[in-house]
Amino acid sequence: SSGGSGASEGSIKIGMSVSTLNNPYFVQLRKGAEDEAKKQGVTLTVTDAQNDASQQVNQIQNFASQSMKAVIINPVDSDAAGAAVTAAERSKIPVIAVDRAVNGATVAQTVASDNVEGGKLAAQELAKQLGEKGQVVVLQGVAGTSASRDRGQGFTEGIKAYPNIKVVAQQPADFDRTKGLDVMTNLLQSNPDVSGVFAENDEMALGALKALGAKAGKDVKVVSFDGTPDGLKAIQDGTLNASVAQQPALLGQQAVQGAIKAANGEKVEATVAVPVKVVTKDNVAEFATS
Amino acid sequence: MSTNVLKRQSPATAWLAGNGALVALVVLAVAMSLLSGDFLTVTNLLNVGVQAAVTAVLAFGVTFVIITGGIDLSVGSVAALSAIVLAWTTTSAGLPWPLAILIALAVGLACGLVNASLIAYGKLPPFIATLAMLGIARGLALVISQGSPIQLPDAVTHLGDTIGDYLPVPVIVMVVMGVITAVILNRTYTGRAIYAIGGNEEAARLSGIKVNRQKLITYALSGAFAAVAGVVLASRLASAQPQAATGYELDAIAAVVIGGASLSGGKGRAFGTFVGALILAVLRNGLNLLSVSAFWQQVVIGVVIALAVLLDTLRRRTTN
Amino acid sequence: MSTNVLKRQSPATAWLAGNGALVALVVLAVAMSLLSGDFLTVTNLLNVGVQAAVTAVLAFGVTFVIITGGIDLSVGSVAALSAIVLAWTTTSAGLPWPLAILIALAVGLACGLVNASLIAYGKLPPFIATLAMLGIARGLALVISQGSPIQLPDAVTHLGDTIGDYLPVPVIVMVVMGVITAVILNRTYTGRAIYAIGGNEEAARLSGIKVNRQKLITYALSGAFAAVAGVVLASRLASAQPQAATGYELDAIAAVVIGGASLSGGKGRAFGTFVGALILAVLRNGLNLLSVSAFWQQVVIGVVIALAVLLDTLRRRTTN
Amino acid sequence: MKDEILRVEGLRKEFPGVVALDGVDFDLRPGEVHVLLGENGAGKSTLIKMLSGAYRPDGGRILVDGAPTEIRDAGDAQRLGIATIYQEFNLVPQLSVGENLALGRPPRRFGLVDTKRMHEQARELLDRVGIDVDPRTPVARLGIARMQMVEIAKALGLNARVLIMDEPTAVLTTSEVERLFAIIRQLRDQGVAIVFITHHLEEIPQIGDRVTVLRDGRSVSEVPASTPEDELVRLMVGRPIDQRYPREPTAVGVPLLQVRGLGRKGEFTGVSFEVRAGEVVGLAGLVGAGRTEVARAIFGADSYDSGEVLVNGRSLARGDVHAAMEAGLGLVPEDRKGQGLVLGADVVENLGLVTLRRATRGGFVDRAGQRKAAAEVAAQLGVRMSGLGQEVRTLSGGNQQKIVIGKWLLADASVLILDEPTRGIDVGAKVEIYQLINSLTASGHAVLMISSDLPEILGMSDRVLVMARGRLVGELAARDATQDSVMALAVTEVEDARVH
Ligand SMILES: Nc1ncnc2c1ncn2[C@@H]1O[C@H](COP(=O)(O)OP(=O)(O)OP(=O)(O)O)[C@@H](O)[C@H]1O
Ligand SMILES: Nc1ncnc2c1ncn2[C@@H]1O[C@H](COP(=O)(O)OP(=O)(O)OP(=O)(O)O)[C@@H](O)[C@H]1O
Ligand SMILES: [Mg+2]
Ligand SMILES: [Mg+2]
């Protein structure tokens, strides 16, 4: 799609509202998008909704006033994003949803990996590492956010298949590394026999690894989510046992490609599934380079 | 009259001196129009209005509290709780939406009354009482919703719509709440009593003002306004989020203070608060239009807020 | 001297009356020990200490500011910025770590001085000046780090370690900073001047105290303390996060107020702040031990904070 | 007695560490002015605060119209027809004068506050007390004296049966006092019962009918207002005072303070004078003459537009308190609550504030030394307190004033400016303060004393300067000055200015 229409593409303006940039995962997503935009020669404007659904609506509205040719939304919340998309629809601007789906409105394309599915994969991987038995604690993200909800739900569903694995505690650590450290420290007091940890993102897991010290990766298996650079490094070091990698950069790249197509009036597929992959010590090399 | 009253301000100067934030808003708006061709369009200005609405309504409520010399950190959470209650009562409990809205407002009011009781009768510092309520209301919102957003029925979502092409309901709500605030503050017993309490609580008490009762009303108003903001917020999104309006308390307080109120009480006006909320909204809108990078945005917002208020204090010093 | 001196409080009673938060802390700790067998162990108590450290150090800095009648909302962001600067200077810029730590502290100090200049010379309300700095410092932390965590060299991370089995460095830092705070407040010119400024700024000025200069020192101290907290935070994790310590400002202010300070100034003590920070840490630790559900945790934290301070105000009313 | 409107029996009130009232009896009849007299801290203000609902008694009872009554709050007192002017002002500085006059009971129309009528009513009240202010002026912009007049107007507005006045004349000049007395007599004749507290004994026969003397929280006697002053003093202080104004003039030395052509637009112009070593210079004038403004400008508390201030021959930077202090100036401000005291801090803190810098060695404060110094001045001035750790807020008004003076006595300033220094101070303690002024001048210091208390000005100054409308209008040697000659100067030019 590049090449021939280079002149017109140079003037394409695309707006992208990212749910939050307070998490390396989304920073990578943005990077993937920006790199792709540069490569394709389009102007990409990225805003940070700071995990606030209504601020996101504002940003999409503002994109519409700026006559963007296409909008990429990384919803703070799938349900709430409907209102945002409607705002763009009214101005006939195609919308691409990335990472999370949009409910209650139609988008041109959804580029996503499935958080619930990822949660299930995490459960399976943790079970495998634990030999299908043991006591597990869950470090939850910010209560009420869709990432926490979906991953938690997937994990809970997934872990049911293993009757000998018991979830002994679920505590919020707000996707934050420091809190991951503090909460894990505290949970080790009340659950000294814990043998597995599921953290709903890498940041919390990295905090938990600190709390676990020498036990991390060995006596206590830790599985988390996202596959951020720091997370991958921990896998290489053998302290983190696995992370469900969502390839955020790839998500961003695909979304920009879809947006350019939609902006040029080309037909786009309704969904692009970017696979989630369980990264372990065995396959970490392929991710660490990309 | 006597010779030693020399300076008399003209009415216009006096009015401006009382509305320093307005100058900052105008400067900001002019700057934005020069920097971005997209700023000064009807649609965009309406957007700014809509985007200011929730903060403004919260800030109106907080204005009462700040004038008494108190603070309300719970408004964001209370807004979220009210929205969740609204969504839950219309869906899970199946109540008709007008009733549900009343219940949501009642919840906001009740939160305010709890704050007020802790402050007036328990003698808790307002910061602590409302910080506690910040956690409690947010927690209850999560408990009721089980952490998931709740869809709103269509009827309610019209509150987030635009009537015709140019009359967004949130803007109407904002203006109405602003007028109510102005009337309460300037013309009612409670309004005048609130200023007296904030200016000199002991003097107010000794003049026969029932300070505790007035505080009760003050925080109840703040809670009720927060509920209104919550309903507007939810209807804009067509769904109630348990995590909605997180951190809005700081925006609301900032709007009030930018508008000329003092956190030590006794000062503050509805119009000032309105302008304060608009400044914040113009700023966010403009930064989006100018495509300022996300990381730099926070820096720029900080700098502009400081400059806006600085402009006001400098102007006040030179005219005095 | 006069005949109508009747009741004299025993020193113990007087001390307790000044340390109401301590009673709340003891009650809370006893409750936690009864509810969870894991609470009252040496390791766990050390954990609580370590977990209180960052908040406590931030809160010590904020204590100075609150005593002058100001507020500092920027401490969390300044802590994060200092930590990022530390990490960046040791890694990307390749400076030796002692120098890097000095630079990080200088950054905190500088942020404080900017706050102070806006407040003292620009006459900005402290709420606005430090809210602006909250955004600016956070934004700069994001810009420098490009939004990603930066690894710390090993040498620095020892600041987060435990010496032997029972001497966690963060706890040592907390205690040292607490003692410094107490000495400054009780024994130095600046400390005494700060109380006077918070009690009656005009009276302080007319007594020859250079109010602006003292405010400069106050906010600079707060900034420097925030930098220390940031270094401790980063070294505990062996990495600096641009989003670290988000929202800690409210915790820090809460610790100061729970510790008996008044946001209207003139009151506050290092020991009270220390107890306030411990109350918050015990609460969070206990809730983890008791495995309270995520949704309910916020409710419980809110209720307990309110009760803790209520206990204090009630006790004070009955003894008077 | 049947026609008693108010009676107090065995009233008792304790504060932590202090018994403020220990069995007080007192009664009040319609159409009388009942004077309460007592030393600073005797319990006068505490007594009236229980009549006005500000405090609740710990023992004893209050009878209104013969029936035992509980006065729980200010609302109760208002309903009973009791209005109170407190010693410490209870105005809301941010609000307008009109708003303050209607505080708690604004006129309403259709449920909404009727601002227009509020200001009309305010106008009437202000006219009645004879001060010229726009009801829209914020109270914060008024000087202390006019705040007092607003307080009086506010109480009048309640149309009460019982009017309690706690030291209303402390900050007023003779003409305002006369105006106030005229109002009081008028009310008395209408049958209003008035409680009047003052430390100006000469006012008692002018306005009073009966006098109740309080000592150490007890009512020690009730005498007619015609009782000779010396007898009143003896009843109050427990010993006679022979010399009320014990000024001992000393040899005059070099000029320590020189003020040349000082002016600030709209407030004062061309103010020039000097104060020499060993001298006490009195500065007299009507309320609003601008004396306070000049004093603050000299001290650097406010800036000025023209002129120069020299201390010890060296010119002072304008608007810099610190520099003024370094040069040896000191100022006891007229508004003790707003400018003089840190109300929430204790006696030691307050007394040590001015000397804090001097008590600092290498950044550390010698707190033991501060405490010792504070204990000494407090004893010298006879501050009645439960201990050096008492919060200044809870001291009686006169004792608070002693603290403000005390902190400047410690400072050992070479030129001390006193703005209404003995405001609210009892006769006994005044003499102590005058003695201290004597010892200051004896050791070569100089004093500039602003006072609205003419006998004090005449009795204690070596020279009297008179100000009117922001100008110095005359200077009199102490031996030539009389109340009349000073007043004549003070009002000459001002006649038209005050009427509006
Ligand atoms: N709230 C309080 N707490 C503690 N002590 C108090 C309080 N109020 C008054 N006192 C004490 O009660 C005593 C009586 O004070 P009060 O104010 O009644 O004296 P007063 O006769 O009005 O004196 P003055 O002539 O100085 O105004 C004083 O010793 C004072 O310190
Ligand atoms: N009648 C008046 N009309 C307008 N302004 C006045 C009037 N009287 C006083 N003022 C102003 O009010 C301010 C403070 O009044 P205040 O009574 O404290 O005066 P002051 O100079 O302190 O009097 P004093 O000479 O008694 O100390 C001054 O700026 C004075 O110029
Ligand atoms: Mg008194
Ligand atoms: Mg004066």
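This is a predicted model: local features need pLDDT of at least 70, side-chain atom pairs count only at pLDDT 80 or more; totals for chains, interfaces and linings use all residues.
I begin with ligand 1. Its surroundings comprise 22 residues, and D:Gly41, D:Ser45, D:Thr46, D:Ser396 and D:Gly398 are the closest of them. By class, the shell consists of 13 polar, 5 nonpolar and 4 charged residues. Two helices of chain D, H1 (44–51) and H14 (397–411), each contribute at least two residues to this shell.

Which polar contacts involve oxygen atoms of ligand 1? From the side chain of D:Asn40, a polar atom lies 3.0 Å from a ligand oxygen. The backbone also takes part: a polar backbone atom of D:Ala42 is 3.2 Å from an oxygen of ligand 1, and for D:Thr394 a backbone N or O atom lies 3.0 Å from an oxygen of the ligand. Taken on its own, ligand 1 has 640 Å² of accessible area, and the protein covers 92% of that.

Together with D:Gln87, through OE1, D:Ser45 coordinates the magnesium ion listed as ligand 3 through its OG atom, at 1.9 to 2.1 Å. D:Ser45 belongs to helix H1, whereas D:Gln87 sits in the loop between strand E6 (82–85) and helix H3 (97–101), so this pair ties together parts of chain D that are 42 residues apart in sequence. Both residues are buried.

I turn now to the magnesium ion listed as ligand 4. Here the donors are OG1 of D:Thr292 and OE of D:Glu334, at 2.0 to 2.4 Å. Because D:Thr292 lies in helix H9 (residues 291–299) and D:Glu334 in the loop between strand E18 (329–332) and helix H11 (336–340), the pair joins parts of chain D that are 42 residues apart in sequence.

Finally, I would like to move to chain A and A:Gln247. This residue is found in the loop between strand E10 (242–245) and helix H10 (248–263). Its relative accessible area is 18%, so A:Gln247 is buried, the limit being under 20%. Beyond its neighbours within four places in sequence, A:Gln247 is in contact with A:Val274, A:Pro275, A:Lys277 and A:Phe287. With A:Pro275 there is a polar contact: the backbone oxygen of that proline lies 3.0 Å from a polar side-chain atom of A:Gln247.

Thank you for your attention.

Methods. Residues are numbered from 1 along each chain as its sequence is written. Chains are lettered from A and ligands numbered from 1 in the order in which they are written. Side-chain values use heavy atoms; hydrogens and water are left out. A residue is near a molecule or strand if one of its heavy atoms lies within 4 Å of it. A polar contact is a pair of N or O atoms within 3.5 Å; within protein, one must be able to donate a hydrogen and the other to accept it, and residues adjacent in sequence count only if both atoms are side-chain atoms. Accessible areas come from the Shrake-Rupley method with a 1.4 Å probe; for residues, only the protein chains shown count as cover. Helices (H or I, at least four residues) and strands (E, at least two) are DSSP runs, numbered from the N terminus. Ala, Val, Leu, Ile, Met, Phe, Trp, Tyr, Cys and Pro count as nonpolar, Asp, Glu, Lys and Arg as charged, and the others, Gly among them, as polar. Donors are N, O and S atoms within 2.8 Å of the metal (3.2 Å for Na, K and Ca); water is not among the atoms, so sites may look incomplete. Buried means under 20% relative accessible area, exposed over 50%, partly exposed in between (1.4 Å probe, protein chains only). Contact means heavy atoms within 4.5 Å.
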